[in-house]
Structure formats: C-alpha cells, structure tokens
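Subject: Structure for your review

Dear colleague,

I am passing on the structure we spoke about, and below it you will find my notes on what came out of the analysis. Please read them alongside the coordinates.

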Amino acid sequence: MEIKFAGRMEDFQPGIFNVLDDRKNERLAQGKPVYNLSIGTPDFLPEPHIVEALARAAADPNNYRYSLGETPELVEAVQSWYQRRYGVALGPDELMAVYGSQEGLTHIGWTMCDPGDVVLVPDPGYPIFELGPYLCGAECVHYPLLAEHDYLPDLEHFDEELAEKARFMVVSYPANPLGRTAPDAFYTRLIDFAKKHHIVIIHDNAYSDIIFDGRVGKSFLAFAGAKEVGVEFNSLSKTYNLTGARVSFVLGNREIVGAFKRLRSQIDYGMFLPIQHAAAAALNGPQDSVARNRAEYQARRDALCGGLRSIGWNVPDSQGSMFVWGPLPAGNADSVRFCFELLDRTGLLCTPGAAFGKLGEGYVRFALVRPVPVMEEIVSAVKDSGILEGRA
C-alpha cells in the first residue's frame with residue numbers, strides 16, 4: 001500500500017544538524033578527532049541537590065499520576081525566582097510550565113494564529129520561532145537583524161502597513177544565534193511599538209543568566225507595560241543544565257497564559273511530578289553554580305574568539321548566550337561549504353549561518369560547549385590547517 005503524507009511534510013527534510021552529525025560520525029569512524037561546537041548542549045552537570053530532589057520524588061509511587069498542572073510548590077518557586085532575579089511580581093494565573101521552550105513556542109502559535117495571519121520572526125533567528133505559525137497556516141514575515149542596527153529590529157523605520165497586519169512578533173535577547181544583547185531602551189521602544197500597532201510580543205529569554213562582561217540579564221516583563229502586550233518564555237535548560245528534563249515557563253499576560261492553558265489542557269496532562277520537584281529545587285536552592293558556569297562560558301568565549309582573532313579570523317566576542325556568531329573568513333561566501341571544509345581540514349564542527357535564515361549566510365555559529373584547553377586546541381588546529389591562509 002502506498003502511504004500518502006501531508007503535503008507540508010515536503011518542507012521537513014533532514015535538517016542541517018542531522019547532516020552535520022552524519023559527517024561527524026564518518027570522521028569519527030575513520031579515527032579522526034572532532035571538536036563538536038555545533039549544538040548548544042551544556043557539558044556541565046546539574047547540581048547534586050537538583051538530582052537528589054528528582055530521585056526522591058521518582059522513588060515515590062504517588063508521583064506517577066497525572067499532575068494536571070503545576071504544583072503549588074513549583075508555582076511559588078517560579079514566583080520567588082522572578083521576584084528575586086528580575087524584580088517581577090507574577091500572579092499564579094500569569095505563569096504556566098511547558099515541556100521546554102521549543103514545545104511552548106510551537107504550540108503558542110496555535111493559541112494566537114488563524115490561517116493567513118501575519119507573524120513577525122527574526123532573521124537571523126532560531127528556526128523554531130516560525131514552526132508554530134507555519135503549522136497554523138500563518139504567514140511568517142522575517143524582520144532583519146543587521147549589524148548596522150546592532151542586531152536589533154529597526155522599529156523606527158518598520159513598515160507601518162506590515163506592523164498593522166501582524167498578530168504577534170517573536171523577539172529574543174540574548175539572541176541565538178547572534179550572541180547579542182539588547183539595551184533597556186530597546187524594550188521600552190518595543191512595548192510602545194506593540195501598543196501602537198496592537199501586536200502581541202513573544203519574548204524568548206532562555207539565556208539571561210549566560211551574559212558576559214558585567215552585563216546584567218533582564219526580563220522583558222520588568223519593563224513598564226510589558227504584561228499588557230505579551231509573554232516571555234524562560235527555561236531551566238541552560239541556566240541549570242537540565243536540557244533533557246524539558247522545563248520551561250511561559251509568563252506574563254494572564255489572558256494569553258489562560259488561553260494557552262486552555263489549549264494545552266486538550267493535548268497534555270501536566271509535567272511529570274518528579275521533574276516539577278527538581279525544577280523547584282533548582283529555583284529555590286543555592287545559585288552559586290549559575291555564576292560559576294557563566295564565568296566558565298566567558299572564559300571559553302575569550303579563548304575561542306580571542307584565539308581565532310589572533311590567527312587572523314575576525315570573530316567578535318559574544319555578548320551573551322552560549323553561542324558565538326562569526327563572519328566567514330575573507331574569500332568565503334557559502335557557509336555550508338565552508339563548514340564542511342572546516343570539519344574536513346581541522347575536525348572543528350560548527351553550524352552554517354544559513355541554517356538560521358537568509359541573513360545568516362556569510363556567518364557560522366559556534367557553541368561554547370568545550371572547556372578552555374579544548375578551545376585552545378581548536379585554535380591551534382585551525383591555524384595549522386592553513387584554511388585561513390590567503391583569506392584573512
């Protein structure tokens with residue numbers, strides 16, 4: 001029998017990460033080294049008190065029932081976290097747990113979009129931002145993030161007609177893949193822009209605790225009027241090294257949160273209770289590991305970016321996130337081709353900028369997931385390969 005699939009499946013071909021992984025495995029099978037900086041999976045371990053909380057809860061048979069929502073303990077932990085960390089007060093109806101920001105960012109489109117609606121997403125940007133709207137039949141329109149505007153949307157010169165059509169706008173700082181932060185004044189302008197054009201703002205705030213050079217990670221919700229116009233996603237994956245646990249929250253406007261809860265009640269019965277206990281332990285427990293990991297990420301950034309600049313590849317320092325965004329060395333124009341050549345000649349695996357949108361072409365993204373000594377090895381491998389000779 002011939003099985004027919006939905007036409008949209010034609011748009012879901014093997015992603016660049018799958019292709020890169022295949023090339024990585026081929027190289028490893030040949031006994032050659034690979035320095036994998038392609039995917040942002042933290043190499044730090046979760047703190048023991050978090051693991052212990054999960055283990056204790058998992059040992060209790062009563063925790064294997066449906067949770068049907070957040071436990072009071074977790075709600076209070078999130079409220080305390082946002083008040084302590086960002087100075088933001090949240091009511092119980094202004095927050096909800098989701099299975100990681102990717103799941104939440106996909107499904108919130110089902111809450112906000114009808115077919116034909118316009119959604120604004122960044123270019124370059126994380127690909128998941130447009131998946132939910134796409135599945136809803138919405139029209140995703142990319143707004144440019146350009147170096148000449150400090151990788152911020154140019155709200156002062158934004159197309160007025162397009163802004164009036166837009167249902168919501170996805171914004172994310174510190175930005176993946178760009179490694180850039182936004183100043184306070186930007187958020188004030190963004191909120192005014194949203195009010196003027198009646199646009200809902202969806203802010204992805206996964207990296208506010210991985211931010212460098214004395215900068216302070218902020219919450220969109222800390223700025224006056226933010227709760228009137230939108231919600232924020234915040235995740236425990238990178239801050240507490242809990243990527244596999246899939247713990248994230250949508251926070252802010254109670255109408256949006258309430259509608260999203262109503263939708264998800266039809267497709268989900270709540271987060272596994274032991275994971276909720278682990279999340280509460282992370283938020284309520286000692287926070288020294290957050291600062292320690294941030295310092296290590298910055299040291300890795302310095303070793304990689306400073307090292308590459310010292311050998312003729314002008315890769316600027318990341319301002320925040322666990323990623324570095326670097327232009328291709330002079331003489332290169334195709335980011336996919338360059339990444340494969342880089343892997344073949346040095347063992348360094350990174351992600352082509354084209355994977356993050358049309359404006360990502362001409363760049364590559366590195367993940368800061370290896371310790372300083374390995375970053376130094378990487379710089380030496382790039383230098384010894386000769387790949388920069390005649391191109392710098």
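The protein carries 37 positive and 50 negative side chains, and the centres of the two sets lie 3 Å apart; here Lys and Arg count as positive and Asp and Glu as negative, while His and the chain ends are not counted, and the place of a charge is NZ of Lys, CZ of Arg, CG of Asp or CD of Glu.

Please bear in mind that this is a predicted model, in which local features need pLDDT of at least 70 and side-chain atom pairs count only at pLDDT 80 or more, whereas totals for chains, interfaces and linings use all residues. Residues are numbered from 1 along each chain as its sequence is written, and side-chain values use heavy atoms, with hydrogens and water left out.

As to the overall fold, the secondary structure comes to 13 helices and twelve strands (DSSP runs numbered from the N terminus, helices being H or I of at least four residues and strands E of at least two). The radius of gyration, taken over C-alpha atoms, is 21 Å, close to the 21 Å that the globule rule (2.2 Å times the number of residues to the power 0.38) gives for 392 residues, so the protein is as compact as a globular protein of that length. Buried residues (under 20% relative accessible area with a 1.4 Å probe, protein chains only; exposed is over 50%, partly exposed in between) make up 54% of the 392 residues.

Strand β6 (residues 200-204) is mostly covered, with five of its five residues buried: V200, I202 and D204 point one way, and I201 and H203 the other. This strand pairs in the parallel sense with β5 (residues 166-172) over five bridges (pairing requires that DSSP finds at least two bridges between two strands), and S172 stands opposite D204.

Elsewhere, three strands form an open antiparallel sheet in the order β9-β12-β11. Both β9 (323-327) and β11 (351-352) stand at the edges, each with a single partner strand, so one side of each is left without a neighbour in the sheet. The pairing of β11 with β12 (residues 363-367) runs over two bridges, and P352 has V364 as its bridge partner in β12.

Finally, N253 is found in the loop between β8 (248-252) and α9 (254-264) and is buried, with a relative accessible area of 10%. Leaving aside neighbours within four places in sequence, N253 is in contact (heavy atoms within 4.5 Å) with K227, E228, G230 and V231.

With best regards
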